[in-house]
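This report concerns the salt bridges, the domain contacts and the chain interface of one structure. The sequence and the model are shown first.

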Amino acid sequence: MDLIRSHVMVCGGTGCTSSNSAAVIAEFEKLLAEKGLDREVKVVRTGCFGLCEAGPVCIVYPEGCFYAHVKTEDVARIVEEHLVKGRIVKDLLYKGAMEEDKQTVKSLDKVDFYKKQKRVALRNCGVIDPENIEEYIAFDGYAALGKVLTEMSPDDVIQTILDSGLRGRGGGGFPTGLKWKFAKASVSEKKYVCCNADEGDPGAFMDRSILEGDPHAVIEAMAIAAYAIGADQGYVYCRAEYPIAVKRLQIAIKQAREYGLLGKNIFGTGFNFDMDVRLGAGAFVCGEETALMNSIEGMRGEPRPRPPFPAVKGLFGKPTILNNVETYANVPQIIVKGADWFKTMGTAKSAGTKVFALGGKINNTGLVEVPMGTTLREVIYDIGGGIPGGKAFKAAQTGGPSGGCIPASELDIEIDYDNLVAIGSMMGSGGMIVMDEDNCMVDIARFFLDFTVDESCGKCAPCRIGTKRMLEILERIVEGKGEDGDIEKLETLAESIKTTALCGLGQTAPNPVLSTLKYYRHEYEAHIYEKRCPAGQCKALLTYKIDPDKCKGCTLCARQCPAGCISGKVREPHVIDTAKCLKCGACMEKCKFGAISRG
Amino acid sequence: MKSLAELQAIRNRMIDQVSMRKDDSIDTRVVVGMATCGIAAGARPVMLEFVEEIKRRGLENVTVSQTGCIGMCRLEPMVEITVKDQEKVTYIHMSPEKVARVVAEHIVNGRPVEEYTIGYQG
């Protein structure tokens, strides 16, 4: 182990694992052993690098070569050429990783995808072995906890977090320091520190990647929070659907205990803190703080009315703080580098960075972390690489089922908490789903409503019944059975659900409808009054037509049609019987002359 | 963990194992020519000696890597050392015995070992 000269970092995040990075790691280990290089080259399974689209990815240090789409059969070449002979295998490199001259390899921070990013919460993801506490320590891990316990009073800690301007990364954006301050002010012999890792938004995987790539950062931050508010027990509430995250977190907790970084008398200061993982069964509502605490207590995952707030009466009736994974991941660095350092990033009211999970119609699907105040355009085009197939950007959905859509006209908005709320969306936990011209916004609203109806816990009537009624109206509209007055009904329902639902899930459930109504009302109107879907997505509203001038009578479409509804003679224009048409689109795909259109 | 010193000790022990991953922390790069010609001339023991010597001295911010044929096969094993903001120095006909001196004089003290360089012998 003493002669290590090269590190091969292979992504072991969920994205790359599902594209078989485990086999790539095994192949590296096997071939390196065969060549007798296993004492000089170390293979490390890391957390997410962010560029999931290019997975499985691996980086070879010290050169910092970024290999993308690595298959097991490519490993032999990387070992033979790069690791034995020192020749970089250029054709396997990530396509954006070469300089213009196609000869030199760019350093990673110059690659387009990373250039505008600023990795704070993700700083160790892809850099350390998450299952080795000593690697975390080598990258200044647990230094913040040491500093806090030996040099700072709990009030100093809270003041530092307040000064940094850190706000909750789970969606609401509540100042983290304030939350801690309230919990500290509550008098109790027992207090709790909890971590919300019940990431439930469709398309979001920020917290998962942090837990998979840098679990110790969360543990360290929770210990710091515990010291600040006077707690000695912590819980991470993580969904059971995140097996890799759970496993790494459990390994990390075990290691931290072995090293005396959890347990009694940490750093010889008399401070005690220990923590456990609690698994959620994947109910969206359990991401709501009071429902989450009910679930940890072993009760049904249903929200409780607030007040009393958790800072006063939370888990097991004791004062509790609950922060999101990403919020915690920022804390150790704020302690080490100071509140002023943190404030240099971001905007006046939203300091720091935000991690987004980019998904949907985007080239570089993956995980990005940018300073607050970065524009949506930069995220989508400069980092995300734009929309596939050169299609037009239509909207970005942020905040999941609680959020809304940002239309193309707001592409230059600087992303921070307040700006997003001002245009009817919200930061949310950081899922960002990109939509292009082919997405029907009414259908998107229906999709999210369908999700909330499914996930509503049923405790309060506005959410249980109200969202169901909204969904029924939306389903009617996309089926072409919309009536005059439907839009107004949706608006009335949305308003009353917003104001009367018990918890955040219900109060925000109408948001996808309201924000699409705000920017895409004409699409709703087209569905209802003209029985037409402008994006061409709602099947019930489509009709396929053959343009007789363009049709050459090749009969290809007639042979493709599964319903046999296209007729016509050879070399004469064909006709579609719209009554029998299934609207499958097979004819349109096959037509070589572009004679078939839908609308 | 009973003290900060203990944490610091782990950090110190680990830091040189991970320093190659910190892009901006690298001050000195040692590149060994490891094409067929280099390997045949004995480049591997030279490279391993560099790794070991750097480890022995506990030098941070120095990486050892390899490259292909530098082009003058008759002068192998060749080693290029680049110290940040300075011109690259190329050593030729290296052997494991010469490594300690190069590390001490060039990497630690900043004075290239003239007599081993390509300019001196070539």
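E81(A) and R87(A) form a salt bridge whose closest N and O atoms are 3.1 Å apart; the term denotes a side-chain nitrogen of Lys or Arg within 4 Å of a carboxyl oxygen of Asp or Glu. E81(A) counts as partly exposed, with a relative accessibility of 24%, and R87(A) is likewise partly exposed, at 35%. On this scale buried means under 20% relative accessible area, exposed means over 50%, and partly exposed lies in between, computed with a 1.4 Å probe on protein chains only.

The structure is a predicted model, in which local features need pLDDT of at least 70 and side-chain atom pairs count only at pLDDT 80 or more, whereas totals for chains, interfaces and linings use all residues. Residues are numbered from 1 along each chain as its sequence is written, chains are lettered from A and ligands numbered from 1 in the order in which they are written, and side-chain values use heavy atoms, with hydrogens and water left out.

**Salt bridges between the chains**

Over all chains the structure holds 47 salt bridges. Across the interface of chain B and chain A the rule finds 3. Helices (H or I, at least four residues) and strands (E, at least two) are DSSP runs, numbered from the N terminus. E40(A) counts as buried at 6% relative accessibility, whereas R44(B) is partly exposed at 22%. R5(A) is linked with E40(A) and R44(B) in a network of salt bridges.

The side chains of D140(A) and R11(B) also meet in a salt bridge, at 2.8 Å from N to O. D140(A) is located in the loop between helix 5 (133–138) and helix 6 (143–151) of chain A, and R11(B) in helix 1 of chain B, so this pair too joins two chains. D140(A) is partly exposed, with a relative accessible area of 32%, and R11(B) is partly exposed at 21%.

| E81(A) | R87(A) | 3.1 Å |

**Chain B and its interface with chain A**

Chain B has 5 helices and 4 strands, and from the N terminus on its elements run α-β-α-α-β-β-β-α-α. Its C-alpha atoms fill a box of roughly 55 × 25 × 25 Å along the principal axes. Of the 122 residues in chain B, 48% are buried. Among contacts in chain B (heavy atoms within 4.5 Å) between residues at least 6 apart in sequence, 61% join residues at least 24 apart.

At the interface, 32 residues of chain B are in contact with 45 residues of chain A. The two chains bury about 3,100 Å² between them, with 58% of it on carbon and sulfur atoms; buried area is the accessible area (1.4 Å probe) that two parts lose on being put together, summed over both. The rule also finds 3 residue pairs in polar contact across this interface, both residues being at pLDDT 80 or more. A polar contact is a pair of N or O atoms within 3.5 Å; within protein, one must be able to donate a hydrogen and the other to accept it, and residues adjacent in sequence count only if both atoms are side-chain atoms.

The elements of chain B that give two or more residues to the side touching chain A are helix 1 (4–18), helix 3 (43–57) and strand 2 (62–67). Helix 1 of chain B supplies the largest share, 9 residues. By class, this side of chain B has 15 nonpolar, 7 polar and 10 charged residues. Ala, Val, Leu, Ile, Met, Phe, Trp, Tyr, Cys and Pro count as nonpolar, Asp, Glu, Lys and Arg as charged, and the others, Gly among them, as polar.

**Domains 2 and 4 of chain A**

Chain A is divided into domain 1 (6–110), domain 2 (133–343), domain 3 (353–436), domain 4 (441–529) and domain 5 (542–598), with bounds from an automatic or database domain assignment. The C-alpha centres of domain 2 and domain 4 of chain A lie 34 Å apart. About 920 Å² is buried between these two domains, and carbon and sulfur atoms give 74% of that area. In domain 2 of chain A, P202(A), F284(A) and P303(A) lose the most area to domain 4, together 50% of what that side buries. Between domain 2 and domain 4 of chain A the rule finds 0 salt bridges.
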